Amino acid sequence: MISLQHVTKIYRNGTVALEDVTVEIDKGEFVFIVGPSGSGKSTFIRLLLKEEEATKGDVYVAGKHLAKLSRWKVPHLRRNIGTVFQDFKLLPDKTVFENVAFALEVIGKPKHVIDQRVPEILEYVGLGDKLNNYPDELSGGEQQRVSIARACVNRPLVLLADEPTGNLDPSTSVDIMRLLDKVNRIGTTVVMATHDQAIVDAMRRRVIELDAGRVVRDQARGVYS
Amino acid sequence: MTRLESLLHETVAGLRRNGLVAFAAISTTFIALLLFGLALLISRQVNLLIEATTGNVEVAVYLSDPVNPDTVQALTRRLTDLPVVANVDYETKQEACERFRDLFANQKALVNNVDCGALPASLRVKLHDPERYRQVAAVLEGQPGIDKIVDQSGLLDRLFAITRVFRVGVLLVSLVMLVSAAVLIANTVRMGLFARRKEIGIMKLVGATNWRIRLPFLIEGLFESLVGAATAILFLFGLKVAFINPLYDTIEWMPWISNADVLAIVPWLLLAGTVVAILASLVGMRRFLDV
């Protein structure tokens, strides 16, 4: 599903973010990317979205060689990838329903699909009764559920989560992890960048540890360190 | 359906958020296109005037009644033999009458009151070089059957000189205004992009195409400019009715622009507005939208 072959990323200012990284992630896997700030976790995610291009090496996502993917096809790549961030990225002037519907509207899905799928996915993430609330009426955990619903509503092959529990308290974080696990169990490949040690240790999933842009550990049922 | 709906929804939301700047863009476009339209109408009016006074020839040789066909032939031959003459046309009394009726189609009273028999037949001469009118006059001097020779190039030159200054001036001002309108539209588009950068970020993340992201802004720019254009068109019609219509009856000797003439420039105004809006919107969002 995701494959990085000897990938090096050097930013224009000379910062080496990733160095000779080779990683294979299969369909349906759940993978933690761990490491201290500046170790290259975010760059890893940005490469998969083609927000950045690898300086050297090859990146494959969902069977596509990203370096050869023309710019106008990038949106179609991203329709196969759901993304979740630490800061939720919800639109404050739209309701929960509208926030999730927005993701389908802008890729041209017809209204009957939206009206069917949005309540369905919101029910799935446990917000079936908050369709008409605004984000600022929700707790942090609930907001993150909305953003997960938005990421999953188009049934992506891959879910990328960049520090999804970074703004949440420990017990809320556990709820979010349960949800991500649930998403993973229906076949979605989940890649989660985090430095939340307790969560990584509790989940016992594959852990890829980055340090200064290099893979220093890739362990099947790992813990944080 | 939802595509169109959500597009329009975004456009309207954008316009509302940008109210004041959008208004500035609309009014500048309005003034620019109003001046542009005025310049076009002035051109048209001048052309009508030229047509009326000269029938688009430089030298008119009016023939005395009754016209003898032999005289016409002889004079035509003499004229075409001159190297300076480009073209000679014979206009019968009947043709003169028809041209007159076309020109003053707006002024029915005038047309009805003029007896067509009073309009003289003429030879209408075009010259390669209007300055050498004297040659023509010299050749025709003393020939029989000629009532009057009128050199219209002098009159034309003066008319052109005056109206050219006026026309070019108005056109220049309208051009400057069009450029400012474009800058203002580009600015509203840019402000809209900035206000909605979060939304745009999400749209990119979930895989909206660049055109899907751009379209609402393009429509917004188009809307502003076309509202400006529509107002300008209404205003031009208003000005025409208020200032030209009374002249139909008071200054009868001159042909005046008609509603059809105003209608004829409408496509040009719309075209100018559309082109300006599209260019401005594209410039406004160029920097913002790299994937």
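Student: How many aromatic pairs does the structure hold over all chains?

Tutor: This predicted model holds 3 aromatic pairs over all chains.

Student: Why is the pair of B:Phe30 and B:Phe235 called edge-to-face?

Tutor: The ring centres of B:Phe30 and B:Phe235 are 5.1 Å apart and the planes stand at 70 degrees. Centres within 6.5 Å make a pair, and planes over 60 degrees apart count as edge-to-face; therefore the pair is edge-to-face. It links distant parts of the chain, with B:Phe30 in helix 2 (residues 19-54) of chain B and B:Phe235 in helix 9 (residues 210-250) of chain B, 205 residues apart.

Student: What makes B:Phe30 buried, and what makes B:Phe235 partly exposed?

Tutor: The relative accessible area of B:Phe30 is 15%, and buried means under 20%, so B:Phe30 is buried. B:Phe235 has a relative accessible area of 44%; this value falls between the limits of 20% and 50%, so the residue is partly exposed.

Student: Are A:Asp181 and A:Arg205 buried or exposed?

Tutor: The relative accessibility of A:Asp181 is 14%, so this residue counts as buried. A:Arg205, with a relative accessible area of 18%, is buried as well; the limit for both is under 20%.

Student: What makes A:Asp87 and A:Lys89 a salt bridge?

Tutor: The closest N and O atoms of A:Asp87 and A:Lys89 are 3.7 Å apart, and a salt bridge requires a distance within 4 Å. A:Asp87 is partly exposed at 44% relative accessible area, and A:Lys89 is partly exposed at 26%.

Student: Which residues are linked with A:Lys9 in a network of salt bridges?

Tutor: A:Lys9 is linked in such a network with A:Arg46, A:Glu51 and A:Glu52. The side chains of A:Lys9 and A:Glu52 meet at 3.5 Å, N to O. This pair joins strand 1 (residues 2-10) of chain A to the loop between helix 1 (41-48) and strand 4 (56-61) of chain A, 43 residues apart. Both A:Lys9 and A:Glu52 are buried. By the same rule, the count over all chains comes to 18 salt bridges.

Student: Why do strand 6 and strand 10 of chain A stand at the edges?

Tutor: The open sheet of 6 strands in chain A has the order 6-7-8-3-9-10, with mixed pairing. Strand 6 (81-85) and strand 10 (214-219) each have a single partner strand, so one side of each is left without a neighbour in the sheet.

Student: How do you know that strand 3 and strand 9 of chain A pair?

Tutor: Strand 3 (residues 30-34) and strand 9 of chain A share 4 bridges in the parallel sense, and pairing requires at least two bridges. A:Ile33 has A:Ile208 as its bridge partner in strand 9 of chain A.

Student: Which residues have the most contacts inside the largest nonpolar core?

Tutor: They are A:Phe32, A:Val118 and A:Leu122, in a core of 55 residues. Helix 3 (residues 96-105) of chain A gives the most to this core, with 7 residues.

Definitions and conventions
Residues are numbered from 1 along each chain as its sequence is written. Chains are lettered from A and ligands numbered from 1 in the order in which they are written. This is a predicted model: local features need pLDDT of at least 70, side-chain atom pairs count only at pLDDT 80 or more; totals for chains, interfaces and linings use all residues. Side-chain values use heavy atoms; hydrogens and water are left out. Helices (H or I, at least four residues) and strands (E, at least two) are DSSP runs, numbered from the N terminus. Buried means under 20% relative accessible area, exposed over 50%, partly exposed in between (1.4 Å probe, protein chains only). A nonpolar core is a set of buried Ala, Val, Leu, Ile, Met, Phe, Trp, Tyr and Cys residues joined through side-chain atoms within 4.5 Å. Rings of Phe, Tyr and Trp (its six-membered ring) pair if their centres lie within 6.5 Å; planes under 30 degrees apart count as stacked, over 60 as edge-to-face and the rest as tilted.
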